[in-house]
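Biologist: I am new to reading models. Can we go through one together, feature by feature?

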Amino acid sequence: MRRYHVTTFGCQMNAHDSERIKGMLEELGLGETHTAEDADVLVFNTCTIREKPDTRLAAHLGNAKALKERDPERVIAVGGCYAEAQRERIFAQYPFVDVAFGPGSIPHLAEWLGAGGHGIARSSFGIAEERRFAATLPSSRERPFQAWVQVSMGCNSKCAYCIVPAVRGREVSRRPGEIVAEVTRLAAEGVKEVTLLGQNVNSWGRDLRADLDTEFGELLRACDAVDGIERIRFTSPHPKDFREPVIAAIAECDAVCEHIHLPLQSGSTRILKSMRRTYSRERYVALVEKLRAAIPDLALGTDIIVGFPGETEEDFGETLAVVDEVGYDSAFTFVYSPRAGTEAAAMPDQVPDEVKRDRIERLVEVVQRRARERNDARVGLVEEVLVEGPSRTDPARLRGRTRRNTTVNFTGDARPGELVLVEIDAATSTTLGGSRAVLVAA
Ligand code: 5AD
Ligand code: SF4
């Protein structure tokens, strides 16, 4: 059995996150070990608030580096607040790190380990004999007012780079009655924001068709009707399956937030084809236009991979062009990394490391410039913010997120879980700053 080891820094919230991380790893078939030396997957769940997390982290990572040198198959993952704030810097400073993920990305861990899991052989993860939905697994909620709700598991796509189909199996949708019952129970417990989770939420319900004619838009409407749920998010939709009823539901449901994470992966139609994404650059861009026309003030996030086998400078230029054209509010950028057992790992024309590194740097520059422009445009507006806790960089201030999913650090009094109005007066490429407006959101 493959083994994992999680080291947790910082606060109670991080301890909860570590429980989630462990749950995800166990769902992948890994077992826990209490010493880093015995672990095939080493996870460091970081924090930015406590005393000198970076020096402690540096010491731990030094040890991890030595372990990785001994066994290059080992996967080193850095999660938590520091990873979120310093994602790009972590890779620059610690090139042996395979995966960096923020607290909001724990549900994507399986794919992200794919992003860096050199040599975790397909068989070592295995597909759990009896797959269970996360909802039925014991887990503590990160915050009492936010919850993840799994709507499906597995994936029927065959993206050439991705390990998920191998480790999670075919897509199985959870029944709508069960999902809505869970959302209703969560609302009664004080949850205000739910994030519906699936590898491809847009194909939710397809496997239920034998006895139930439904689709994801209908599920969004059913969740929107639950009293007490103020915000509904979902991740991730596959661009190939974004149909009218889902777009209409996002546009019409008050609780469904104006934020869509729409993985692009590549801007080159040729590479998209080789990735088996089943859409072209043109179809993706047309979808973005349709979404923006239907949903005013829509924020868009994405995932992009650079250095997929066969990617030429010209292909990469197309990715840069799409990123520039679309103007994402946020983007997760990945250096392609071959995963044993996937189609792409066996492809010829693997791109050299230094080319991949050069491309990701150029990509991050465009991503940040466009995101900064998008955030600059929010300055002067009043945004509804769901308060999450103290700011990660200045504990004297508060932190929360807008409906568009942008983190806001702001001055003023409020309790975690409260919805407040914040007047925006500052912007970076990843955050907004402001102060609490006098009016309280309804
Ligand atoms: N290499 C690089 N990035 C990957 N991802 C998944 N597998 C790989 C891989 N082998 C990225 C994709 C996906 C995100 C969750 O992780 O961009 O959308
Ligand atoms: Fe992986 Fe593609 Fe399925 Fe996402 S849609 S989980 S990238 S195979």
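Biologist: With which side chain does the side chain of Glu 193 make a polar contact?

Modeller: A polar contact is a pair of N or O atoms within 3.5 Å; within protein, one must be able to donate a hydrogen and the other to accept it, and residues adjacent in sequence count only if both atoms are side-chain atoms. Here the partner of Glu 193 is the side chain of Gln 146, at 3.2 Å.

Biologist: What should I know about the model before going on?

Modeller: It is a predicted model: local features need pLDDT of at least 70, side-chain atom pairs count only at pLDDT 80 or more, and totals for chains, interfaces and linings use all residues. Residues are numbered from 1 along each chain as its sequence is written, chains are lettered from A and ligands numbered from 1 in the order in which they are written, and side-chain values use heavy atoms, with hydrogens and water left out.

Biologist: Where is Glu 193 found, and is Glu 193 buried or exposed?

Modeller: Take the element, then the cover. Helices (H or I, at least four residues) and strands (E, at least two) are DSSP runs, numbered from the N terminus. Glu 193 is in strand β9, residues 193-197. Buried means under 20% relative accessible area, exposed over 50%, and partly exposed in between (1.4 Å probe, protein chains only). Glu 193 has 2%, so it is buried.

Biologist: Which residues is Glu 193 in contact with, beyond its neighbours within four places in sequence?

Modeller: Contact means heavy atoms within 4.5 Å. For Glu 193 the list includes Phe 145, Ala 147, Arg 231 and Leu 386. Thr 46 is 147 residues from Glu 193 in sequence, and their C-alpha atoms are 24 Å apart.

Biologist: What about the chain as a whole: how much of the contact total comes from residues 24 or more positions apart?

Modeller: Count the contacts with a separation of 6 or more. In this chain, 73% of them join residues 24 or more positions apart. The chain has 14 helices and 18 strands.

Biologist: How does the radius of gyration of the chain agree with a compact globule?

Modeller: The radius is taken over C-alpha atoms, and the globule rule is 2.2 Å times the number of residues to the power 0.38. For 442 residues a compact globule would have a radius near 22 Å; the chain has 21 Å, which agrees. Its C-alpha trace spans about 60 × 55 × 45 Å along the principal axes. Buried residues make up 56% of the chain.

Biologist: Where is Gln 150, and which backbone oxygen lies 3.3 Å from a polar atom of its side chain?

Modeller: Gln 150 is in strand β6, residues 146-150. The backbone oxygen belongs to Ser 152. Gln 150 counts as buried, because its relative accessibility is 9%.

Biologist: Which residues does a cis peptide bond join?

Modeller: Look at omega. The bond between Thr 235 and Ser 236 is cis, with omega about -10 degrees. Ser 236 is in the loop between β10 (231-235) and α10 (244-252).

Biologist: What is phi of Arg 276, and where does Arg 276 sit?

Modeller: Phi of Arg 276 is near 65 degrees, a positive value in a residue other than glycine. Arg 276 is in the loop between α11 (269-275) and α12 (281-294). Asp 349, also not a glycine, has a positive phi of about 60 degrees. Its place is in the loop between β13 (330-335) and α14 (353-376).

Biologist: Are these two exposed or partly exposed?

Modeller: Arg 276 is partly exposed, because its relative accessible area is 43%. Asp 349 has 56%, so it is exposed.
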